[in-house]
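Hi everyone, thanks for coming. I'd like to walk you through a model and talk about which parts touch which. Please have a look at it first.

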Amino acid sequence: MTELRYLAPDTLDEAVGAFAKAGSAARILAGGTDLLVQMRSGVLKPGVIVDIKRIPELTAIEQTADGGFRIGAAVSGMALAEHETFGKVWPGVLEAVNLIGSKQVQGRASAGGNLCNGSPAGDSVPAMVAAGAIVTVQGPNGRREMKVEDVPAGPGRTNLKPGEILVSFTLPPRPPGSSDAYLRMIPRTEMDIAVVGCGVSLTMKDGTVTAARVGLGAVAPTVLLVEDAAKALIGSKLDDAALAKAASACSAACRPIDDKRGTIAYRIKVAGVLLKRTAAIAAQRATQKN
Amino acid sequence: MNLVTNNKWIGQRTIRPDGMDKVTGRAQFAADTTMPGMIWGKVLRSPHPHARIRSIDTSKAEKLPGVKAVVTSKDIVDFPIEKGAVMLGIQDMRWMCRNVMARDKALFPGHPVAAVAATTEAIAEEACKLIEVDYEVLPWSIEIDDALKPDAPILHEFNKFDGKPSNIVGRLEHKKGDIEQGFKQADIVIERTFTTRPVHQGYIEPHACLISVAPDGKTTIWSSSQGQFMVRAMTAYLTGIPQSDIRAIPAEIGGGFGGKTIVYLEPLATLLAKKSGRPVKMVMTREEVMRATGPTSGSKSTVKVGATKDGRIVAAHGTFYLQAGAFPGSPIRGAAGCSFTPYDIPNLLSEGYDVCSNRSKVAAYRAPGAPIGAYAVECVLDEVAEALKMDPLDFRLKNAAREGTKAAHGPVFPRIGYVETVEAAKSSPHYAAPLGDGNGKLRGRGTASGFWFNAGGESSAQVNITEDGNVVVTTGHPDIGGSRAGIANICAELLGIDYRRVSVIIGDTQTVGFSNLTGGSRVLFASSMVVTQSTEKIIQTLRERAAKIWEIDPEAVKWENGAAHPASPNAGQFEPLTLEELAEKAPAMGGPIGAGVQLNTQGADGGFGTHVCDVEVDVDLGIARVIRYTAVQDVGRAIHPGYVEGQLQGGVAQGIGWALNEEYIYTKEGKVDNPGFLDYRMPVCSDLPMIDCIMVEIPNPKHPQGVKGVGEVPLVPVMAAVANAIYDALGKRFYALPMSPPKVVEMLEAPTRQAAE
Amino acid sequence: MAKVHVTTSINGEPMEFLCEPSDTMLDALRGPLALTGSKEGCASGDCGACSITIDDRLVCSCLMLAVESEGHEIRTIEGLAQGEKLHPLQQKFLEMAALQCGICTSGMLVASDALLRKNPDPTEEEVRFWLAGNLCRCTGYDKIVRAVMETAQELQNQEMRAH
């Protein structure tokens, strides 16, 4: 039986130091809603747990000078929901973060943990990808920034370097006529892992899409940025032809597996269905704001 | 029959006796108990679906510091197969002794092969890993079709069917008339084959026990079960300790639904406690519950129904193959015996086949077997009604079993309430309401009926008047759905006192007489009989005491409103003597007042229900949701309507889960791939609508309060009602459960593909 | 193995306990703290039977390390009633038969209380989605949802009368 040490540093530097020093035996604890399940089931036996919730930067939600948002990696979904303006600007990201598990889980689970857990089915990830979020990571060699879609490396793996800790997500400022949405398919109404998840972020002007990003989850080893789908939407008025083309692009991008949660054929079909529905919601939100 | 009328408490929604403890977190469930010096037991389980156990070496585990005892099958009393069945209720101890601990073969992944007790759970787990088991891995089969193939691996070589080694370990049939002749009279015949997946009872409380064995062998068991006497008897059988030395104390039980009518942990913990000299606690993880405790069967059924143009069913044939799991004993009796019973069918053959395969041994699940059979039968009846252009409820009414109908499984029905349930469903606001617009989703409505035998059997009760004139009732059945509340209502009614003066508790095996399992929808039926007779004895005593005090004839004393009153010719001559006053005078007037009754109760009539279900289907995603549901049932007499409705609503919710999402999924290696709540997908709160109940009360003439069992019927019709509703929405019929989203989409797309070809 | 000393507050009372660093809050509640009202149904956050609040935030105590309670305020089912006076939700669950076996009841009540604190007048849909993390296998949820909504209504009426 390996002894576990629990550390709850107050500063990021301490956290990075401790995390790097402990090497592969260490795990970061934010909400813990994945980590504790893995520990209890015996999948993981960490030697050191570094709890990052006492570090102010990791639990802060800030509006940046240019009008964007910076969200600490350990901010819980509930805390994000309680922020005055975040949900108005990024309703899709917020709904995605708050589809992670139950209300109990939302009180703990963070977008940072959801991303670093490396599941292709993490709900917040396609929405963050669609939002064009940039993540800040800090490690023994200092800080760097990455596109959110570059973080996952495969199921359960990330492209963070040894000792690096995810610090925050930065979401860009929103031009007028912008909004986003996230939908997922699950067999029940709650409490399931996404069979397919789809995030769409749009900017519209006079009914025409001027910018779009599409993120797709649970259909490949990592969450996908589907640029072909975005291209199909940009310049369109979200007419049936454009939506069909974007939906086909989503289905074409899928490289899913058959598993207990869904079949290959089903996931491919649903990716297209969700794209259409998610784009419609994002567009409605984007135009409402005008 | 002395039906109580003008009831004060019967039929009232009183506060349940155990309610306060449960809303404040005080209630003691099995895992909540501790004892000084307690240690922890853990089970080592087979990773293989089928393997011969060549040897087990526990020496390394025994040497691990903190380990106090190890047991293997050598420590469990053997019931040799060749010596024949040793039955305890419906369980054969030959299978039970092999189910709690694999002997020569491990028969499913999760089958216990050894158990360890250590000072901490972590050490016990670590020790399990140090046990070396030499397995000879064997070929295996899980699905019925695979288990029935000519070259299928045989689980029990001794078993022969048609003269050959086989996994068919049992068959039964119910027959009436001549189906060949019957089908000749039919204008329309529909035959369909259905499959269902194994599903788990899904109780939220994992199995748990705490057991102490004193040096003299006196054993105390705290455990969560549907029968403390079953726990005592099985533990006695499997450990060799006499029943008189085992006190099994029923902890509060966190759900059972049939799944806690057998033991898993108690014999192991008893042996570990005996060997170690320490109290041993064992608690299953959710994963262990899902891998190793009884789900119900997966099934394959073929049902053929023939009817005349005017809507009379003239013949029916059902063949039901049910997975038993590792050992014989699937609920073919319920599948073959209940499915056609709501109907008066002159020519009927209903056959059940019990099929072993390499998955955990099935345990009872709410009306065992009946929902599986009813799913197939009620779906075919829906098709027949449609072909005849008849309303499905009218079709059922036309063929309904009534008083005097002879059921294929034997009984000639007394006054039953099936017709009334169909009529109530037909005239319900739900059935009359338009389906409404699905806003892009397709809506449909389905109906189905169901039957369950219900049960009587052995019950004991002791009713005692306390020195201050209140009442303590002790019964022998674990309360899983509010039976204590029903008993309090009945006892208060009979004594004419406030129900809050009646304390109802569940006795342990050494303080109350033998009482059979909480199962079969028998508890309130049977225990209210013994409580009624006990209370009547007490009332007789109270009348005699008052007569003695007044020096009149006991026959001239009546008991009313909690007091003895002089009846004519002495009416008005004496002040009434209340229960409190008579209790106070008890020491001088003959001693303590109390009575106990033990009976093998008879007269449990079967129960019938008819359900109406509305669904809404998102055709692009294949998601079907139940948006409105009405359950109609003949409940006999609703002693506590709140908990009767609760039984109906809970059964319906389980059926909706079974219909839409719940299933055991297996890996290519034969292991359960979804052994947790996350991927097993029971209905959550947001999945369900309100579940409306219509309680039809046709009192059971053989019961003092008219009680009929109510717990099991409500699961029986559900899957068919949902399937028929989905057909109504989509125009396509499903012949397999669950109707989960990928399967709905696959079905919807299938004909398009065919058309394109 | 060295145990960790934790100082926290449980149901308004200062509390200290020792635990393994890997123990969950649920382990600590049910073990050294002897508060067995919180139940373990799954140990994976899927059933909600272990629901508690930490600093008024609803969580599954099986998904939180016991050491994380250091310096925080924990509330459990045992703290819901005020002395002998039941919380209105507890009373309503009793009156409306919103429990059968009782194993989910602690978590249901803690979660429902958290809902009504946040949203005193929830719709049926809001109640159902809020309680989606609390599995009940006995009741079909019908009576639970009704009890929560009726409690909310009563509390609202009391509130209105008070003004």
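**Contacts within and between the chains**

Let me start inside chain B, where 14 residues of domain 1 of chain B are in contact with 16 residues of domain 2 of chain B. Before I go on, please keep in mind that this is a predicted model. On the domain 1 side of that contact, we have 6 nonpolar residues, 7 polar ones and 1 charged one.

Now on to the neighbours of chain B, beginning with chain C. Here 41 residues from chain B meet 44 residues from chain C. Which elements of chain B give two or more residues to that side? They are α1 (19-23), α18 (641-660) and α19 of chain B. The largest share comes from α18(B), with 7 residues. By class, the chain B side of this contact has 20 nonpolar, 15 polar and 6 charged residues.

What about chain A? In that contact, 18 residues of chain B pair up with 17 residues of chain A. Two or more residues each come from α4 (121-130), α19 (677-680) and α21 (741-756) of chain B. This time α21(B) gives the largest share, 3 residues. Sorted by class, the chain B residues facing chain A are 8 nonpolar, 4 polar and 6 charged. One helix to point out is α19 of chain B: it is listed for the side that touches chain A, and also for the side that touches chain C.

Last stop, chain C itself. Its domain assignment gives domain 1, residues 4-79, and domain 2, residues 88-162. Taken over C-alpha atoms, the centres of these two domains of chain C are separated by 22 Å. Their contact involves 13 residues from domain 1 of chain C and 11 from domain 2 of chain C. On the domain 1 side, strand β3 of chain C (residues 51-54) supplies the largest share, 3 residues. That side of domain 1 of chain C divides into 6 nonpolar, 6 polar and 1 charged.

That's my tour, and I'm happy to go back to any of these contacts.

Terms used. Residues are numbered from 1 along each chain as its sequence is written. Chains are lettered from A and ligands numbered from 1 in the order in which they are written. This is a predicted model: local features need pLDDT of at least 70, side-chain atom pairs count only at pLDDT 80 or more; totals for chains, interfaces and linings use all residues. Domain bounds come from an automatic or database domain assignment. Two residues are in contact if their C-beta atoms, placed from the backbone, lie within 7 Å. Helices (H or I, at least four residues) and strands (E, at least two) are DSSP runs, numbered from the N terminus. Ala, Val, Leu, Ile, Met, Phe, Trp, Tyr, Cys and Pro count as nonpolar, Asp, Glu, Lys and Arg as charged, and the others, Gly among them, as polar.
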